[in-house]
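Open the model in your viewer and keep the selection panel at hand. Each stop below says what to select and what is there.

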Amino acid sequence: MDIRQEMEELRELIKYHNDRYYNQDDPEISDYEYDKLSQRLRTLERDYPELDSPDSPTKNIGGKAKREAGVLVRHNVPMLSLQDVFNKEEVLSFVEKILSYRRDTVFCVERKIDGLSVALRYTDGELTTGITRGDGVSYGEDVTDNIKVIKDVKHNLKDNVPYIEIRGEIYMKTEDFEEVNNKLELAGKKLFANPRNCAAGTLRQLDSSIVKERKLSLFAFNVQDTEGIRFASHSESLEWIKKQGIKVIEGYRLCRTAEEVWDAITEIGENRGELSYDIDGAVVKVDDLAFREQLGATSKVPRWAVAYKYPPEEKETIVKEIRLSVGRTGRITPTAIFEPIRLCGTNVERATLHNQDRIDELDVRIGDTIVVRKAGEIIPEVLSVIKDKRPEGTVPYEISNVCPSCGSKAVRDDNTADIKCTNINCPAQLIQHIINFVSRNAMDVKGFGEAYIDALTREGYLKNIADIYYLKDHRDELIEKGLIGKEKNTDKLLNAIEESKKNDIDRLITGFGIKNIGKQAATGLSKHFKSISELQNASYDELITINDVGDISARAIVDFFSNENNKEILERLDGAGVNFNSLQNTSLVDNRLEGLTFVITGTLPTMGRSDMEKLIKDHGGKVSGSVSKKTSFLIAGDNPGSKLTKANELGVEVLTEEEILERIRK
Ligand code: ZN
């Protein structure tokens with residue numbers, strides 16, 4: 001790839017991830033991966049200054065202070081982020097450079113808490129304002145009310161100083177985070193990806209009582225701005241903050257040489273798994289505050305500090321077992337079960353091996369010593385096998401050609417490396433299918449857990465998704481057998497099932513589990529079609545015109561609805577009273593175009609293509625993607641292309657935008 005293209009792609013990618021991280025609190029990649037991307041871009045911009053760009057994400061700090069979220073407060077001192085470094089050499093060169101200016105420099109090495117930074121302003125000893133980082137330079141959001149309910153935040157200082165701004169990190173302890181997610185899961189809501197996102201989402205809550213309930217924590221890490229009090233060094237200011245009753249970053253260390261600094265970083269890294277909160281690195285700061293001022297800052301980062309980012313944590317362990325599981329599509333997935341290890345603060349004892357190809361590539365065998373890696377919230381992965389530690393008598397592992405769930409024959413798909421169970425009535429597949437159907441994205445049946453699905457399937461009450469809506473016919477029997485608990489619990493679930501009948505059809509379509517049709521495509525379909533019956537009768541040509549529906553999806557939809565078994569299931573769903581009508585596509589104005597099929601081509605003079613489509617549908621007409629004998633009219637704009645030729649060949653009448661509007665208005 002050429003450099004210019006790589007840089008452009010990096011910029012796009014970083015902007016996308018900035019948005020996920022800062023504005024949606026829903027990141028897709030780990031911070032470590034993100035930092036690597038930024039660093040690569042910065043390196044390229046340094047090496048190729050002629051390709052640098054003023055609107056590169058490296059030139060601003062990522063987050064936009066959200067104007068709609070709260071009142072913005074101006075930063076008196078910019079809240080800059082720190083220069084990231086990834087290896088020992090970079091740390092040593094930073095320290096050596098500072099030492100070359102001043103031989104007797106003292107460095108403070110501290111944990112970098114994985115949370116979000118805030119500024120606390122105290123006037124005459126009283127907390128007046130709490131501000132987020134926001135854009136880092138000019139403005140942050142006022143979060144005073146929410147900050148005040150955090151237990152670690154003191155409303156009053158012990159010493160009555162005229163003015164001081166204390167910077168701190170708001171974070172969430174692992175156990176508090178888990179409690180929040182447990183509650184969200186019980187309520188059927190979306191979970192937070194990690195403690196940091198949870199803390200960020202919580203701090204932006206409009207209701208302070210939620211903030212209080214979720215238990216955020218705070219460590220102070222800097223004094224930024226003072227009046228009426230002066231500190232000579234950073235460590236002195238930390239000790240002063242401590243005396244005010246505010247927690248400061250635990251276990252910081254003062255160092256005088258590059259080796260000492262590196263030892264302190266190593267020590268923090270080795271113990272990070274034992275902490276009750278996540279850290280994402282170690283910060284090295286110049287301790288002397290006057291010297292800091294002399295060193296100053298670039299437009300983006302201070303020159304007196306760096307943040308060292310730890311690489312993903314790796315550990316050795318022994319494979320006890322390779323377990324096979326069967327998914328909804330019949331795919332058999334191998335998982336390595338190993339002696340439990342602690343990685344990045346969590347206990348880990350399993351990691352997916354994906355498929356036979358990956359197993360062969362690693363040559364992983366039962367009894368092998370493997371290296372497992374995990375970075376922060378990222379899923380653990382098996383990195384390699386230490387062949388020297390292999391015990392005698394092991395054999396290469398091969399996924400058997402028998403389904404672990406039903407014992408039917410399993411075969412390898414020629415196109416993919418997948419091995420699949422061939423039994424369409426395989427209980428494991430059915431269970432996965434039902435789990436998908438009742439899940440949050442699909443029919444969202446509250447309280448329908450895996451254990452119940454498992455029991456009801458094994459007992460023969462659920463043979464397909466339609467059976468869910470006939471469970472109520474067996475109410476007394478179910479209570480007697482206690483499959484869903486006692487009376488109260490059983491009724492609760494049966495009610496939740498009844499409730500789900502009213503759902504819009506996008507949920508039902510998602511629940512069908514058609515290949516490639518996720519929530520997004522299902523939403524597109526439910527906007528396009530007025531009902532499941534209309535979707536059922538849709539042709540490939542029509543389907544392919546819909547957003548998010550490509551060739552594979554369109555074929556899969558046609559296959560799904562033409563399957564006899566599925567037809568019967570649909571009839572039973574319909575018979576049970578499950579809603580089959582789109583709640584998003586009910587805007588039929590009249591039916592003067594009923595029975596007519598239109599194809600639109602070229603650029604229309606005044607209307608967008610989708611507006612024209614909607615107009616036709618609002619009047620009962622259909623829109624298709626390609627011209628055939630069934631086409632009633634072709635609506636042609638500028639540059640109509642091959643569709644016009646085809647229409648002329650087939651003798652299909654061609655209309656202009658004006659002509660179709662006239663027909664509708666007539
Ligand atoms: Zn099977």
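Select His-354 in the loop between strand E14 (346-352) and helix H11 (356-362). Helices (H or I, at least four residues) and strands (E, at least two) are DSSP runs, numbered from the N terminus. This is a predicted model, where local features need pLDDT of at least 70, side-chain atom pairs count only at pLDDT 80 or more, and totals for chains, interfaces and linings use all residues. Residues are numbered from 1 along each chain as its sequence is written, and side-chain values use heavy atoms, with hydrogens and water left out.

Check the backbone of His-354: phi is near 65°, a positive value in a residue other than glycine. Most residues other than glycine have a negative phi. His-354 is partly exposed because its relative accessibility is 42%. The classes are buried (under 20% relative accessible area), exposed (over 50%) and partly exposed (in between), with a 1.4 Å probe and protein chains only.

Next, go to Asp-444, in the loop between H12 and helix H13 (450-458). Its phi is near 55°, also positive in a residue other than glycine. Asp-444 has 22% relative accessibility, so it counts as partly exposed.

Now the metal. Which residues are the protein donors of the zinc ion? Select Cys-403, Cys-406, Cys-421 and Cys-426; each gives its SG atom, 2.2 to 2.4 Å from the ion. Donors are N, O and S atoms within 2.8 Å of the metal (3.2 Å for Na, K and Ca); water is not among the atoms, so sites may look incomplete. The site is tetrahedral, with angles of 102 to 115° among the four donor atoms. Four donors count as tetrahedral if all angles lie between 85 and 135 degrees. The ideal angle for four tetrahedral donors is 109.5 degrees.

Along the sequence, the donor residues are spaced C-x2-C-x14-C-x4-C. Cys-403, in the loop between strand E16 (381-385) and strand E17 (410-412), and Cys-421, in strand E18, are 18 residues apart and link distant parts of the chain. Cys-403 is buried at 2% relative accessibility. Cys-421 is buried too, at 8% relative accessible area.

Move to the second largest pocket, with about 1200 Å³ of space. On a 1 Å grid over the protein atoms alone, a pocket is an open set of points where a 1.4 Å probe fits, with protein on both sides within 12 Å along at least five of seven lines; lining residues have an atom within 4 Å of a point. Grid points are joined across faces, edges and corners, and the volume is the space filled by probe spheres set on the points.

Its lining has 34 residues; Arg-328, Thr-329, Gln-429, His-433 and Gly-513 lie nearest the centre. Elements giving two or more residues include strand E18 (419-421), helix H12 (427-438) and helix H16 (505-512). H12 gives the largest share, four residues.

Next, select strand E3 (residues 107-113). Six of its seven residues are buried, so E3 is largely enclosed by the rest of the structure. Strand E9 (residues 253-255) runs antiparallel to E3, joined by three bridges. Strands pair if DSSP finds at least two bridges between them. Look for Cys-108 opposite Leu-254 in E9. Strand E10 (residues 279-286) is also antiparallel to E3, with seven bridges. There, Lys-112 stands opposite Gly-281.

Last stop: Asp-52, in the loop between helix H2 (31-47) and strand E1 (72-74). Its C-alpha atom is separated by 9.4 Å from that of Arg-4, 48 residues apart along the chain.

Definitions and conventions: Tetrahedral: all angles 85-135°; square planar, octahedral: opposite > 155°, others 65-115°.
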